Amino acid sequence: MEYLKRRIRDVYDFPQKGVIFRDITTLLKDPRGLHIIGWDLSQLYRDKGVTKVVGIESRGFIAGSILAFELGAGFVPVRKPGKLPADTISTSYDKEYGKDVIEIHRDAITPDDVVVIHDDVLATGGTMAAAYELVKSMNPKKIYINFIIELLDLKGRENLPSEAEVTSLISY
């Protein structure tokens, strides 16, 4: 994991003063780093029967798609309002810097699915908790939660459902 950590750029005072933004774009452009992410994420779920990976807009689409490919699973995007073309369900939630809304296609998940919800960073957990509730409303067999990075000081795990199995590759 040190290899991955060394490729993550710290951007100070973004998006506001006092915040250290962990920028994964420098990791994603590194071929070996991208391969390690895909391999390490897929090993966490290789024998779990995962049928769908849900990626949260927008950076969750990148590793989420790789994870789905590696597992032979489908990929489902969770997006901001108005971005998905068919019938959706949505939820609003609080996040670090205000309120937001996310949506998923109403027919994206079935009761036969085993789902991994992926996002790049666990900060306060608001977005992931909202995504979890959307997916849970579709009654899949099992839901896992995954991140590349977890910011421990923000205690985001405390805002995630206690029944969820949460993993992250890197912690700060």
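1. In the protein chain, 56% of the contacts between residues at least 6 apart in sequence join residues at least 24 apart, where contact means heavy atoms within 4.5 Å. This is a predicted model, in which local features need pLDDT of at least 70 and side-chain atom pairs count only at pLDDT 80 or more, while totals for chains, interfaces and linings use all residues. Residues are numbered from 1 along each chain as its sequence is written, and side-chain values use heavy atoms, with hydrogens and water left out.

2. The radius of gyration of the protein chain, taken over C-alpha atoms, is 15 Å, which agrees with the value near 16 Å that a compact globule of 172 residues would have, the globule rule being 2.2 Å times the number of residues to the power 0.38. Along its principal axes the C-alpha trace spans about 40 × 35 × 30 Å.

3. P140 lies in the loop between α5 (126-136) and β8 (142-150), the helices (H or I, at least four residues) and strands (E, at least two) being DSSP runs numbered from the N terminus. P140 counts as buried because its relative accessibility is 14%, where buried means under 20% relative accessible area, exposed over 50% and partly exposed in between (1.4 Å probe, protein chains only). Beyond its neighbours within four places in sequence, P140 is in contact with I109, T110, P111, D113, V115 and V135.

4. Strands β8 and β9 run parallel and are joined by six bridges, and V166 in β9 is the bridge partner of I145. Five of the seven residues of β9 (residues 165-171) are buried.

Key: Two strands pair if DSSP finds at least two bridges between them.
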